[in-house]
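User: Please look closely at a single part of this model and describe how it is set in its surroundings. Please state the cut-offs as you go.

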Amino acid sequence: MDGRPLYLAPRLESRLRSLVAATGTLHALTDALGSPVHVVVPDQIAENLERFRSVYRAHHLPGQVFYAHKANRSSALLRRLAATDAGVDVASLGELQHALGAGFTPDRITATGPKNPEFLWLAARTGVTVSVDSAAELDQLAVLVRKHALAPVRVLLRLAGFETSGVKVLSRRSRFGTPVRELERLLEAVERHGDVVDPTGVAFHLDTTSVAEKATALEGCLAALESCRSRGLRPRAVDVGGGFGVSYLAEREQWDAYTTELTAAVLGRRPPLTWGGHGYGLRNESGTLRGSLGLYPAHRSVAGAAYLDELLAQPAPSLGGRPLAALLLEHLYDLYTEPGRALLDQCGLTLAKVLEVRDQGPGEELLVRLAAKADDIALEDHGVLMDPVVVPGRGAGPGEGPVAVHLFGSLCLETDLITRRTVFLPRRPVPGDLLAFANTAGYAMDFHATRAQHQPVARKVAAWQDGEEWRWCLDDQFWPITPSRGAQ
Amino acid sequence: MRYDSITEAIGNTPLVRIDPAVHGLRTIDLYAKLEMLNPFGSVKDRAAWNMARPLLPEAVEHGSQVVELSSGNTAKALAVVAGMHGLGFKSVTNRMRVPEIKDLLLLLGAEIEELPGQSECLDPTATDDPLTLFHRTLSASGSAYLHTDQYFNPRNTEAHLTGTGPEIVKDLDGRVPDWFVACVGTAGSSTGVARALREEDPSVRVVGLVAAKSDFIPGIRTIDEVQEVGLFDPDTYDTMESVSADEAIEGMLTLNRRCGILGGPTGGAAYFGAVRHLRALDEESGERRTAVFIVCDRVESYLSYVRQRRPDLLGRPPRKNSPADLSAAEVGRAPSVTVAEARRWIEADRPLVVDLRSPYAYAALHIDGSVNIVDELFSELVQGGLPFSRSRPVLLACPVGEQSARYAALLTRMGHPDVRSLAGGIIAWRDAGAPLVRD
């Protein structure tokens, strides 16, 4: 191994820290259900909801937090949230059925994203709020409601293409939403369909980490709502979407050190830190670094509820420079948010068993093969670099360390790498150890999982603390009243 | 001195000795090269002018727009130069974090484009970063741009190789300083000066300063960010050291308060980094030696930067009649009325209804007959005394009844006999189904 180990230790809050230390329980899980296994922690999502609620309270803002269901298929997490006062944001027919079945009443559900006729019908029939993507979709919805004699449907108008005066804030083009310059035409359609749709408010969802871009969009929404009101409509909500982010790593210093060394490796000033010298988007052009780092900013000083707080504190230049939170409040608007990843922060981990540890020779990385496919642990697919925690197997003594390893998946495929990064572990793993990948609940559990090569998709269990003990059941068996839960 | 054009005033900046009583070095004379005294306010005037000058005649002929990736001083200088030649200027940036600079650029007629932030739901296979797209736009056929390309343009370095560097040697009576300390941004000034000094005397030692990685100091790149700079060559520097934002401000304060040099945080970082580096070497030799650092620009543009990081430095005396000095008990005792009581009261006694929300919110919906005095203005008004006659009852309304309670308590303390707060605010009013109007 060259030089000092470059760790990227995961940030573990108390529940995950306790779960990772419950080695007996974790081994029992993989013994019973095979490897890999996803473990979700439903009680954490309720705590995360409370963090968002406290930001609402601090700004006196009424409104709703809608969990973006697409980030995890888990029933346990959804049902636990149904037992709170949160809402849910569904993006498919299946998700809507799942949410209704988990106990969400229609007033707590919004339907967004691309919609097929069946999804649209069930949404309209049950009376959930529909986030309308375009004037054409509004027409389609109106036809459906009239044809089937349904009650008027609450709609949010999803907008895009916000413009600024002064500094031009560029944004990636979105395939969703109506450009604000076509707002008047959309509002004419809303008025035309006044008998069958009830415009609750406007919405946006920008895929960016930039607070400035979202502040521009929110300011644009306030202007759009004013257009609604001047037409005599009575909208009452702004939906700012999600994208509040998660900080995955425990220490900023480790992230800084790693990215500096990666830069040096790409420029050829140190040995590679990746399989095949992969640069994660960076490249060397005659000694100068080009490209951009295609990685999720794994350590973020402001993420989740704190990010929402920062967004709400941004001033709106076109409205006298007042903070957005004050403007929302005094215009009497409800604030809707749709956090996915941020609500799932610390809500689970993925276990994979070590099958083989192969030596390549002195100074070379160890090749570690896991009983899991890369798509079962999809952190890399989202650009998240984070070390797994070694959960020692029974009877395994402390091995030598630290060691540098490559983590391979179980597919018969060259590219089935759990990560292209050289991972540093504090000690040498042995077959039978488990690697626990923390914080996988947001997008990294089932979003990308396949059944390629007849290999199974990971099982999912829900776990909760019962005094000092961790208890669990299959994800699908979990209900907020599951026997033996502490809440009983 | 008389000039035909302001651009002739670029360069020939003073080299000023720092009082040893301030820096405490005993064997080393420390000099500041005051680049802040260039006509547009910074060291970048030299590079901007040198890069743009040969391209201007053709640009004027085609009416091209001058473009640069800059979040600060280069943009400022180019905006001025472009304006002088009747050309537009556009600054493209993802790093413009100093609001004063942004406003100044707009004032100078510049167009500013901020690049989009990183994707939250990342697609690791997407290789088209915003900068690549920027360069593609520039090279698209038919586009009329004058791109000065400061991070790669050798004329950036040349401005300092032929200007700043030789000026330092001349002002030191032909001697090359023993150390040259510079912050690394585009690397133009440090590379150019270092090369000029080494040509005279290869024994000069060059210290490059970068910002600590998670910190932000205007005009300085972090150790990773400098790798993206085409002009950056690690061999230019004998050592690279990092400076934190706090240290930069500390150095800036010393320059501002003790030396009479009104330099900004970049100059402060250079001063701090120079003294820190030299202190260890002060005793190694008995003979007198010299060191030079660059003060890149002025402090005035960075007041909000300082306010954000060191609000204590801008502390102001407490204000009179401020709702902030009310105790929780006083606010709790503030007279208030429920929506139902308020409606009866308005009907019976016609109190003055004051809506403390912003004019935009007021214009959208408000209580009929109310007047709008936005909270910021109201807090100014009460500093001078009661803004209403004591004989006129007043109902204060805000979004949720919190601010109105504070001001009701304050006005009561100031001697108003009948001021009441609308409990629950305009939101409670709406929720009770009471009428709100648009005028």
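Analyst: **Helix H10 of chain A**

The buried residues of H10(A) are A:Trp255, A:Tyr258, A:Thr259, A:Leu262, A:Thr263, A:Ala265 and A:Val266 (buried: 20 or more other C-beta atoms, placed from the backbone, within 10 Å of the residue's own). These residues span an arc of only 160° around the axis, so they sit on the same side of H10(A); the arc is taken from the directions from the helix axis to the C-beta atoms.

The model is predicted: local features need pLDDT of at least 70, side-chain atom pairs pLDDT 80 or more, while totals for chains, interfaces and linings use all residues. Residues are numbered from 1 along each chain as its sequence is written, and chains are lettered from A and ligands numbered from 1 in the order written.

H10(A) comprises residues 252-266 (helices are DSSP runs of H or I, at least four residues; strands are runs of E, at least two; both are numbered from the N terminus). From first C-alpha to last, its 15 residues reach 21 Å, close to the 21 Å expected at 1.5 Å a residue, that is, 1.5 Å times one less than the number of residues.

The cover over the buried residues of H10(A) includes strand S11 (282-285) and strand S12 (288-291) of chain A, where contact requires C-beta atoms, placed from the backbone, within 7 Å. After H10(A) comes A:Gly268, with a positive phi near 75°.

For context in the other chain, chain B is divided into domain 1 (6-42 + 154-314), domain 2 (44-147) and domain 3 (323-431), with bounds from an automatic or database assignment. The C-alpha centres of domain 1 and domain 2 of chain B lie 25 Å apart.

Conventions
Buried ≥ 20, exposed ≤ 12 C-beta atoms within 10 Å, placed from the backbone. Contact = placed C-beta atoms within 7 Å.
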